[in-house]
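Reader: I am new to this structure. Can you show me how to read its features, step by step?

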Amino acid sequence: MSLQSTVPHIYEGLAWEELPLALRSQLPLHKSDIEKAKAIVALGFPEVQAVLPHLLVWLQDYNWPVAQVLVPFLAGLGRDVVPEVRTVLQGDDEVWIYWVLTKVVAEMPEDAISDLRNALKDLADRPSVEGVDLVALEILDGVDGE
């Protein structure tokens with residue numbers, strides 16, 4: 001059985017078998033798989049649209065080398081990644097939310113941040129051990145204050 005026919009642990013719970021094999025084979029398989037991270041980024045958007053959730057899972061820990069390759073690409077997508085970012089922000093993994101807020105949302109264009117306004121307000125109103133509420137409030141203040 002090939003590596004690509006089984007779902008790597010990081011992608012469990014996400015669509016896998018439905019993805020075209022050519023695209024699936026480009027996804028990073030471990031936290032140091034920088035070569036594949038660069039290759040998937042090089043494909044660009046909209047070619048990678050189907051795997052945006054698969055790319056965002058690597059932001060569960062920004063210390064992973066793969067995350068650092070993916071962040072500028074994801075933040076640069078702006079509105080094209082908003083639905084997937086919103087899903088993360090509505091979850092309960094505060095560390096993941098923190099990294100997505102500080103590394104992706106904070107670097108997005110203002111129109112994309114505005115599209116996330118309700119999710120950011122919800123986070124700002126919910127006390128957080130990880131400081132997610134404060135980061136969300138800071139992002140909102142930056143958009144509203146400009």
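Reader: Which helices do the buried residues of helix 5 pack against?

Author: This model is predicted. In it, the buried residues of helix 5 pack against helix 3 (52–56), helix 6, helix 7 (110–115) and helix 8 (117–124).

Reader: Which residues in helix 5 are buried?

Author: Val 82, Glu 84, Val 85, Val 88 and Leu 89. Seen down the axis of helix 5, they fall within an arc of 160 degrees, so they line one face of the helix.

Reader: Why do residues three or four places apart point the same way?

Author: An α-helix has 3.6 residues a turn, so residues at that spacing point the same way. Now try helix 8. Its buried residues are Ala 119, Leu 120 and Leu 123. Their arc around the axis is only 100 degrees, which puts them on the same side of helix 8.

Reader: Which exposed residues sit on the face turned away from the buried side of helix 8?

Author: Asn 118 and Asp 122.

Reader: Back to helix 5. At what angle does its axis cross that of helix 6?

Author: Start with the axes, then look at the side chains. The axes of helix 5 (residues 82–89) and helix 6 (residues 94–103) cross at roughly 140 degrees and come within 9 Å. From helix 5, Val 85, Val 88 and Leu 89 take part; they meet Trp 96, Ile 97, Val 100 and Leu 101 of helix 6. By class, this contact has seven nonpolar residues, with no polar and no charged ones.

Reader: Which residues of helix 6 are buried?

Author: Trp 96, Ile 97, Trp 99, Val 100 and Leu 101. Look at the start of helix 6 too. There, a side-chain oxygen of Asp 93 comes to within 3.3 Å of the backbone nitrogen of Val 95.

Reader: How do I read a core? Which residues touch the most other members of the largest nonpolar core?

Author: Look for the members with the most partners. This core has 51 residues, and Leu 74 and Leu 101 touch the most other members. Helix 4 gives the largest share, seven residues. Setting aside residues up to four places away in sequence, Leu 74 touches Leu 52, Leu 55, Leu 56, Leu 59, Val 81 and Val 104.

Reader: Last one. Where does His 30 lie?

Author: In the loop between helix 1 (21–24) and helix 2. His 30 is partly exposed, at a relative accessible area of 44%. Beyond its neighbours within four places in sequence, His 30 is in contact with Trp 58 and Val 66. Compare sequence with space as well: His 30 and Trp 64 are 34 residues apart in sequence, and 9.0 Å apart in space, C-alpha to C-alpha.

Note on methods. Residues are numbered from 1 along each chain as its sequence is written. This is a predicted model: local features need pLDDT of at least 70, side-chain atom pairs count only at pLDDT 80 or more; totals for chains, interfaces and linings use all residues. Side-chain values use heavy atoms; hydrogens and water are left out. Axes are lines fitted to C-alpha atoms, for helices over the stretch in contact, and angles run from 0 to 180 degrees between N-to-C directions. Helices (H or I, at least four residues) and strands (E, at least two) are DSSP runs, numbered from the N terminus. Contact means heavy atoms within 4.5 Å. Ala, Val, Leu, Ile, Met, Phe, Trp, Tyr, Cys and Pro count as nonpolar, Asp, Glu, Lys and Arg as charged, and the others, Gly among them, as polar. Buried means under 20% relative accessible area, exposed over 50%, partly exposed in between (1.4 Å probe, protein chains only). The arc is that of the directions from the helix axis to the C-beta atoms. A nonpolar core is a set of buried Ala, Val, Leu, Ile, Met, Phe, Trp, Tyr and Cys residues joined through side-chain atoms within 4.5 Å. A polar contact is a pair of N or O atoms within 3.5 Å; within protein, one must be able to donate a hydrogen and the other to accept it, and residues adjacent in sequence count only if both atoms are side-chain atoms.
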